[in-house]
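Opening the notebook on this one. I want to look at some strand pairing and at a pocket.

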Amino acid sequence: MVDSKKYLTSEEIKAHNKPGDLWISIQGKVYDVSNWVNDHPGGETPLLSLAGQDVTDAFIAYHPGSSWHYLDKFFNGYYLKDLEVTEVSKDYRRLANEFNKMGMFDNKGHGVAIVFLCIGLMFAACVLGVVSCDSMLVHLGCGMLLGLAWMQSTYLGHDSGHYVIMSSRGFNKLAQLMTGNCLTGISIAWWKWTHNAHHIACNSLDHDPDLQHIPVLAVSSKLFHNMTSHFYGRKMVFDPLARFLISYQHLTFYPVMVVARVNLYLQTLLLLLFSSKRRNVPDRALNIMGIMVFWTWFPLLLSCLPNWTERLLFVLASFTVSSLQHIQFCLNHFAADVYVGKPKGNDWFEKQTSGTIDISCPVWMDWMYGGLQFQLEHHLFPRLPRCHLRKIAPLVRDLCKKHNLPYRSLSFLDANILTLRTLRTAALQARDFTLLWEAVNTHG
């Protein structure tokens, strides 16, 4: 019997990898998503990063079962002729299917309500302490409490960005705006834009924005060659200022983490207020309104403090506590393996294992890490509620062992040491690079 299906090879589909001509393959069927890019809930970056490839594993990771029936309208009639599924992918898909049958993606536990309650209590205690007490020590404690509230609020915003934590999508969007924009001053639109790109291109030096911190930090000497950021669309210039700052980054890492929030505020404002109107920013107006709420209550709270010294110390206390979260995010990736180039659909699982590091901790510390201490488990199953990540960790570890893939789980202290070692190595290379550059300029 003659096969009436139309086939394309992997090389042929690879040609359709740009805006206006964007095809992908899922389980061997080819889909034309050229006109879907601007409407894609996850933004355009994931589609553009994986365009012209089979993206089955990534699609399974980021989409619920209800998304599959939407694919039919994009099917262009072609099938992938030379589709090959690795044993790693087969095992990963089998594991994802088992979790789905067990209802783990839908069972979110009661953690969300508890965290919301804790955030509310910490915020109320902070405000009460500032307005009703004259003690500087109490005010410093309130600043620290606000930092903890920001951390927990960020974790909730992160959860709501990956899966619906509320009773409906509308309430979920409200939770995102409240926990992100209104309470922390960081736009959920900015977070989705960068975070989706990070997940898809985990630890790609030129595609993952979470590793693009020139001129302040660099995790690899490969960043010393004026690499182009395909996420931001500009060169990451390794100029004399960058060489100087990076040469001491292992010493400045923790102070930089303390003031890292300032950069997040700036990035939020740049996206919402100064980005081109051609950039599709979902719910731009709502995001701006949420940021206005933050920049109303936060200065008002500071104005209740008696003098500028206490205001500065209050901000410093809140920033210092919340810096623990910024440090944690760096520990999860800075010392892991990096690469240059676009992510590939056929080694998606492997890239997640090589680009992540778990932080081991006792159960009673899970609240401090927001589930993200299980970084690899989260990257492999981003829609899985955090209450299940500890349960699946042994299964992921066994899968990595079976296929001889890295599974790194370090204590908080060891992860800090490894990260500082990585930064120091790059710092010393930057100094050598500087000496080489000066020699070339001097002697030709």
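Helices here are DSSP runs of H or I with at least four residues, strands are E runs of at least two, and both are numbered from the N terminus. I'm working with a predicted model, where local features need pLDDT of at least 70, side-chain atom pairs count only at pLDDT 80 or more, and totals for chains, interfaces and linings use all residues. Residues are numbered from 1 along each chain as its sequence is written, and side-chain values use heavy atoms, with hydrogens and water left out.

Entry one, the pocket. I count 50 residues in its lining, with W190, D210, H213, N263 and L264 nearest the centre. Helix α8 gives the largest share of that lining, 7 residues. Among the other helices that each supply at least two are α6 (136–162) and α13 (308–331).

Entry two, the strands. I checked β3 (residues 21–26) against its partners, pairing being at least two DSSP bridges between two strands. On one side, β2 (residues 17–18) runs antiparallel to β3 through 2 bridges, and N17 sits opposite L22. G20, in the hairpin of β2 and β3, has a positive phi near 90°. Strand β4 (residues 29–32) is also antiparallel to β3, with 4 bridges, and I found I24 opposite Y31. In the turn of the β3–β4 hairpin, Q27 has a positive phi of about 50°.

Terms used: 1 Å grid on protein atoms, 1.4 Å probe; cavity = no way out; pocket = protein on both sides within 12 Å on 5 of 7 lines; lining within 4 Å.
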